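Here is a friendly walk through one protein model, region by region. Please keep the sequence and the 3D view open as you read.

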Amino acid sequence: MTTTQSPVPITTEDYAARMARAVADATEVGLDGLLVTPGPDLVWLTGYRPTAITERLTVLVLAPGQQPTLLVPTLERPDAESAVGAPGLSIVDWVDGEDPFARASTLIPAHATMGIADSAWAMHLLGLQDALPESSYRSLTQALPMLRAVKDAKELARLAAAGAAADAVYEQILGVRFAGRKETEVAADLARLLREFGHEQVDFTVVGSGPNGANPHHEAGARTIEVGDAIVLDFGGLMYGYGSDTSRTVCVGEPSALVREVHEVVRAAQQAGVEAVRPGVSCQEIDRAAREVITDAGYGERFIHRTGHGIGTTTHEPPYMIEGEEQSLVPGMCFSVEPGIYLPGEFGVRIEDIVTVTVEGGRRLNNTERDLKVVS
């Protein structure tokens, strides 16, 4: 079961343009090039996702004036050559028993300051440092936080499809039985539905019932859901290689007055955060807008996390909607707006939508109702 037709493919030319842009961006911030190991940056730049990420060194080397080069273990070369972006790369392999860092050192400019992917293993970075002791390295998140932040039309289409699929999952889960079942059983329903509606990967299915809902990252456990429980549902994964992530809070049977009150505060805070989205506004202003509503209602100390995170080829990435983040919003950015209130020992409430920045303001990619739903 799927909700949309397959989106327009991302082509070899698209990946080549991304690599060229990454080199230009790196040069602009004073880097001599980029080293990209397996992870979301490599997927975004080349379309290559190794079947297994192992101790064997795989690294994409990008630098001005030289062809993008992917160094891979010989046994993984066929997989690398099948990636959509491979025709725009020079692929070099190394065999077991050979020093991969010595081979990599021949591809990296001398005395270079290189950006390196956050996903790089420490043993790989240390190996590169030993092979190139006069080079230095900077984290890509610190040096190029906007590398993947602004999405093009093809990426936005994928994120919209993933969001619509997650919405369909929520509509379906409202009809299942909650009372008397374990959190893990409902989580299994969510995972099954995500796949039925087109997700190739399920990243998380949070089911936080009653007091467990007061833990924002509670993993579904063996607790049996009871009548009267407020339940935080937070679920998402990858569809067409791009993320979904949505949260709603429901109640089994008639909600208490306190649950209704807290839910309405969170709903108003989430609305304020979305309404604050527009080009030129800093990321921290989205956090401030949502947090002000919760603080004014007397629950400020119970909102214990940032208001949002970016989303793309992963479900959590820059930019972050948090105090101190002065990066301005740009059309094409996509991120969550997900304020919450958590009352230890009682319950929690969170409401989350993915929002994309447009020239007019913010557009939600999740569109299910945000009022407090009663489930059985």
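Predicted model: local features only at pLDDT ≥ 70, side-chain atom pairs only at ≥ 80, totals over all residues.

Residues are numbered from 1 along each chain as its sequence is written, and side-chain values use heavy atoms, with hydrogens and water left out.

## The six-stranded sheet

Let us begin with an open sheet of six strands, ordered S4-S3-S2-S1-S5-S6 with mixed pairing. Helices (H or I, at least four residues) and strands (E, at least two) are DSSP runs numbered from the N terminus, and two strands pair if DSSP finds at least two bridges between them. The edges are held by S4 (90-94) and S6 (136-139); each has a single partner strand, so one side of each is left without a neighbour in the sheet. On average, neighbouring strands here are turned by 25° against each other, direction ignored.

Which way do S2 and S3 run relative to each other, parallel or antiparallel? Strand S2 (residues 59-62) and strand S3 (residues 69-73) are antiparallel and share three bridges. Leucine 60 has leucine 70 of S3 opposite it.

Helix H1 (residues 12-28) touches S1 (33-36) and S2, and its direction makes about 65° with that of S2. Helix H5 (residues 122-131) touches S1, S5 (113-116) and S6, and makes about 155° with the direction of S6. Contact means heavy atoms within 4.5 Å; axes are lines fitted to C-alpha atoms, for helices over the stretch in contact, and angles run from 0 to 180 degrees between N-to-C directions.

Alanine 112 is found in the loop between helix H4 (100-105) and S5. Its C-alpha atom is 8.3 Å from that of tyrosine 137, 25 residues away along the chain. Apart from neighbours within four places in sequence, alanine 112 contacts Asp32, Glu134, Ser135 and Ser136.

## Helix H7

Helix H7 (residues 153-173) has 21 residues and spans 30 Å from its first C-alpha to its last, close to the 30 Å expected at 1.5 Å a residue. The expected span is 1.5 Å times one less than the number of residues. At the start of H7, a side-chain oxygen of aspartate 152 comes within 3.1 Å of the backbone nitrogen of lysine 154.

## Buried residues and their neighbours

The table gathers relative accessible areas; buried means under 20%, exposed over 50%, and partly exposed in between (1.4 Å probe, protein chains only).

| Residue | Relative accessible area |
|---|---|
| Serine 247 | 0% |
| Glycine 273 | 0% |
| Histidine 218 | 12% |
| Alanine 112 | 1% |

Serine 247 sits in strand S10 (residues 246-252). Its side chain makes polar contacts with the side chains of aspartate 234 at 3.2 Å and glutamate 352 at 2.6 Å. A polar contact is a pair of N or O atoms within 3.5 Å; within protein, one must be able to donate a hydrogen and the other to accept it, and residues adjacent in sequence count only if both atoms are side-chain atoms. Beyond four places in sequence, serine 247 touches Leu233, Asp234, Arg350, Ile351 and Glu352.

Histidine 218 belongs to the loop between S7 (201-209) and S8 (230-239), and a polar contact of 3.5 Å links its side chain to that of asparagine 212.

Glycine 273 lies in helix H9 (residues 257-275). Not counting residues up to four places away, glycine 273 touches Ile286, Ala289, Ala290 and Val337.

## The cysteines

How many disulfides does the whole structure hold? The search finds zero, a disulfide being a pair of cysteine sulfur atoms within 2.5 Å. For cysteine 283, the nearest cysteine sulfur is that of cysteine 334, 12 Å away, too far for a bond. Cysteine 283 is buried at 0% relative accessibility, and cysteine 334 is buried with a relative accessible area of 0%.
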